[in-house]
Amino acid sequence: MDVKNLFANLGAAQGGEAFLTMFENANAKIERIFSHAHASPADFWYDQEEDEWVVVLRGAAILEFTDRDPVELIEGDYLTIPRHVKHRVARTSEATIWLAVHIR
C-alpha cells in the first residue's frame, strides 16, 4: 500500500482544470479536480452516463444546470448530480480543489 496526499502535486491548471484519477473500478471512479479561475465554455454542457457526487475541499465554485437554478458551493459543500443532468462550471475561485465520485 502507498500513502498519498490529496493536496500534493496539484499540477498546472492556469485558467483551466487538472484532473487526477485516484481510484477506479467497474463501479466507481474517484478523481481530484484542481480548478484555477475556471469556467466551462458558454456552449458546453456535461451530460454524463453516471451519477456524480462532488465536494469542494478548498475554494468555491458555481455550477449551472439546464433545468434548475445555479448552485454555489463553498468549502465543505457537496451535492449529487444525477446522470444525464446537464451541467457546467460557471466559475471557480483562483484555486479550487474538488473531489468527484462517479458512480456507474
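Mentor: Start with His102, which counts as buried because its relative accessibility is 5%. Buried means under 20% relative accessible area, exposed means over 50%, and partly exposed is in between, with a 1.4 Å probe and protein chains only.

Trainee: What should I know about the model itself?

Mentor: This is a predicted model, in which local features need pLDDT of at least 70, side-chain atom pairs count only at pLDDT 80 or more, and totals for chains, interfaces and linings use all residues. Residues are numbered from 1 along each chain as its sequence is written, and side-chain values use heavy atoms, with hydrogens and water left out.

Trainee: Fine. Where is His102 found?

Mentor: His102 is in strand E8, residues 96-103. Strands (E, at least two residues) and helices (H or I, at least four) are DSSP runs, numbered from the N terminus.

Trainee: Which side chain makes a polar contact with the side chain of His102?

Mentor: That of Glu50, at 3.4 Å. A polar contact is a pair of N or O atoms within 3.5 Å; within protein, one must be able to donate a hydrogen and the other to accept it, and residues adjacent in sequence count only if both atoms are side-chain atoms.

Trainee: What else is His102 in contact with?

Mentor: Leaving aside neighbours within four places in sequence, the contacts of His102 include Asn27, Ala28, Glu31 and Asp51. Contact means heavy atoms within 4.5 Å.

Trainee: And His38, buried or exposed?

Mentor: His38 counts as buried, because its relative accessibility is 12%. His38 sits in the loop between strand E2 (28-35) and strand E3 (51-58). Its side chain makes a polar contact with that of Glu17, at 3.3 Å.

Trainee: Changing topic: what is the strand order in the open sheet?

Mentor: The order is E1-E2-E8-E3-E6, 5 strands with antiparallel pairing. The edge strands, each pairing on one side only, are E1 (17-24) and E6 (78-81). From one strand to the next, the twist averages 20 degrees. Axes are lines fitted to C-alpha atoms, for helices over the stretch in contact, and angles run from 0 to 180 degrees between N-to-C directions.

Trainee: How many bridges join E3 to E8?

Mentor: There are 7, and the two strands run antiparallel. Val54 stands opposite Ala100 in E8. Two strands pair if DSSP finds at least two bridges between them.

Trainee: What does E4 pair with?

Mentor: Strand E4 (residues 60-65) runs antiparallel to strand E5 (residues 71-74), with 4 bridges between them. A hairpin through 5 residues joins E4 to E5. E4 also pairs with strand E7 (residues 87-92), in the antiparallel sense over 5 bridges. Ile62 has Arg91 in E7 as its bridge partner.

Trainee: Last topic: how many salt bridges are found in the whole structure?

Mentor: The search finds 5. A salt bridge is a side-chain nitrogen of Lys or Arg within 4 Å of a carboxyl oxygen of Asp or Glu. One of them is between the side chains of Arg83 and Asp51, at 3.3 Å from N to O. Arg83 lies in the loop between E6 and E7 and Asp51 in strand E3, so the pair ties together parts that are 32 residues apart in sequence.

Trainee: Which residue forms a salt bridge with Glu31?

Mentor: Lys29 does, with the closest N and O atoms 3.8 Å apart. Glu31 is buried, with a relative accessible area of 7%, whereas Lys29 is partly exposed at 21%.
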